[in-house]
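I would like to take you through one protein chain, from its overall form down to single residues. Please keep the sequence and the model in view as we proceed.

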Amino acid sequence: MKMDADYSRATDGATGATLTVLGLETSCDETAASVVRLSAAGAEVLSSVIHSQIDDHAAYGGVVPEIAARSHVEMIDGVTRRAMSEAGLDWSALDGVAATAGPGLVGGVMVGLSYGKAAALARGLPLIAVNHLEGHAVSARLGAETTYPFLLLLVSGGHCQLLEVRGIGDMSRLGTTIDDAAGEAFDKIAKAMGLGYPGGPALERLAASGDGSRFELPRALLGRKDCDFSFSGLKTAASRLAQICETEQDRADLADAVQKAIARQLAERTERAMKAYAEAHPELADGALKQPSAAREAVGRKLFVVAGGVAANKTIRRALEDLATKHGFAFLAPPMAYCTDNAAMIALAGAERLEKGLTSDIDVAARPRWPLDETRASVDPVHKKMGRKGAKA
């Protein structure tokens with residue numbers, strides 16, 4: 001287990017013990033709270049409450065940070081109380097409080113983290129500051145017993161990374177986007193097409209009646225042999241084409257072309273990562289299992305996990321499932337309810353850290369940037385000018 005400045009080892013851990021943790025998530029435009037129980041049998045979600053701010057931001061075509069932060073302040077207490085009520089527990093039943101501490105819109109992150117600190121102090125509970133991305137990384141474990149290690153594609157509105165996940169807090173970056181994330185490309189292209197917010201699901205629905213072969217879109221980084229992504233060229237080209245679409249069928253065809261182009265790039269880079277991962281782990285056997293197979297059957301086998309909001313896209317998920325089968329990987333994705341931002345994944349990540357005796361000081365700071373592989377992000381930053389906020393990915 002790697003240690004960093006955000007955690008201290010308060011105890012020797014409680015491996016095998018049953019732990020019940022409250023999770024809080026306020027990194028973007030969802031105010032969420034959840035109670036998760038972690039035991040030898042796996043993770044059980046006792047409650048998961050999410051207040052979406054979609055209506056608050058729809059008129060602006062995207063998330064407005066100040067509006068998001070104010071909404072979190074207004075909603076966090078009620079959402080948390082409801083999560084505790086639905087779990088059927090009082091505070092004395094909790095073993096810890098986990099709260100997202102970054103990365104994200106720092107004004108929103110501060111709301112959930114401050115509430116978590118107050119709750120932990122008032123109830124005499126340990127606090128666990130959770131990396132939002134680490135929450136996504138473990139989210140597949142909310143739906144099935146999932147063993148480490150595994151290869152992870154984390155693909156969302158703000159992040160697109162390939163990682164080797166050896167355990168909680170022990171992850172290595174294999175590839176990341178050098179500009180935009182896949183979900184960001186979906187949303188901004190959808191906005192250019194007048195599809196409203198959130199754009200990704202709307203574009204997916206429109207693409208169902210389209211024929212993407214009508215449009216030729218650029219393919220990025222074809223000369224590179226690494227696992228990095230780039231979606232800015234695709235975003236720009238598709239946004240320009242959106243201006244000349246005259247009919248609803250034109251728009252549907254463009255939506256289909258965009259969806260297939262994003263799925264293709266995700267699959268191409270993931271295939272490279274699968275080959276590298278298999279070479280690095282010859283001890284892992286083939287096992288092309290598909291969800292919802294019993295994940296315990298994947299023990300000792302190559303496992304590929306896709307997580308994050310874009311994992312809910314059916315076309316992308318199907319392409320990645322086929323790729324996993326081709327290369328002998330078991331395939332796993334979180335249940336749809338836990339693909340997008342939620343607090344259950346934060347509670348689980350917190351419980352896994354608490355199980356190892358890792359807790360956070362009460363003065364832990366909110367972080368707008370927080371790479372999962374901080375060593376790689378520092379020595380090999382994707383964005384060379386890191387600025388005051390630190391390495392981006």
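Predicted model: local features only at pLDDT ≥ 70, side-chain atom pairs only at ≥ 80, totals over all residues.

**Overall form**

Of the 393 residues in this protein chain, 55% count as buried, where buried means under 20% relative accessible area, exposed means over 50%, and partly exposed lies in between, with a 1.4 Å probe and protein chains only. Residues are numbered from 1 along each chain as its sequence is written, and side-chain values use heavy atoms, with hydrogens and water left out.

The protein chain has 11 helices and 12 strands; these are DSSP runs, numbered from the N terminus, with helices being H or I of at least four residues and strands being E of at least two. Along the principal axes, the C-alpha atoms fill a box of roughly 60 × 50 × 40 Å.

How does the radius of gyration of the protein chain agree with that of a compact globule, and what are the values? For 393 residues a compact globule would have a value near 21 Å, and the protein chain agrees because its radius of gyration is 20 Å. The radius is taken over C-alpha atoms, and the globule rule is 2.2 Å times the number of residues to the power 0.38.

Let us turn to contacts, which means heavy atoms within 4.5 Å. Among contacts in the protein chain with a separation of 6 or more, 74% are between residues 24 or more positions apart.

**The nonpolar cores**

A nonpolar core is a set of buried Ala, Val, Leu, Ile, Met, Phe, Trp, Tyr and Cys residues joined through side-chain atoms within 4.5 Å. Which residues touch the most other members of the largest core? They are Ile-262 and Phe-304, in a core of 53 residues. Several elements each supply at least two residues of this core, including β7 (150–155), β8 (160–167), α8 (248–280) and β10 (303–307). The largest share, 13 residues, comes from α8.

**Single residues**

Leu-174 lies in strand β9 (residues 170–176). With a relative accessible area of 27%, Leu-174 is partly exposed. Beyond its neighbours within four places in sequence, Leu-174 has contacts that include Leu-151, Leu-162, Cys-227 and Arg-376.

Next, the loop between α6 and α7 holds Arg-214. Arg-214 is partly exposed, at 46% relative accessibility. Neighbours within four places aside, Arg-214 is in contact with Gln-249, Asp-250 and Asp-253. Leu-221 is also found in the loop between α6 and α7. Is Leu-221 buried or exposed? Its relative accessibility is 19%, so Leu-221 counts as buried. Its phi is near 55°, a positive value in a residue other than glycine.

Two peptide bonds deserve attention. The bond from Tyr-148 to Pro-149 is cis, with omega near 0°, and Pro-149 sits in the loop between α4 (132–138) and β7. Tyr-197 and Pro-198 are likewise joined by a cis peptide bond, with omega about 0°; Pro-198 lies in the loop between α5 and α6.

Ser-114, in helix α3 (residues 106–123), is 249 residues from Asp-363 along the chain, yet their C-alpha atoms are separated by 9.7 Å. Pro-368, in the loop between β12 (358–359) and α11 (374–379), is 260 residues from Gly-108 along the chain, with their C-alpha atoms separated by 9.9 Å. Thank you for your attention.
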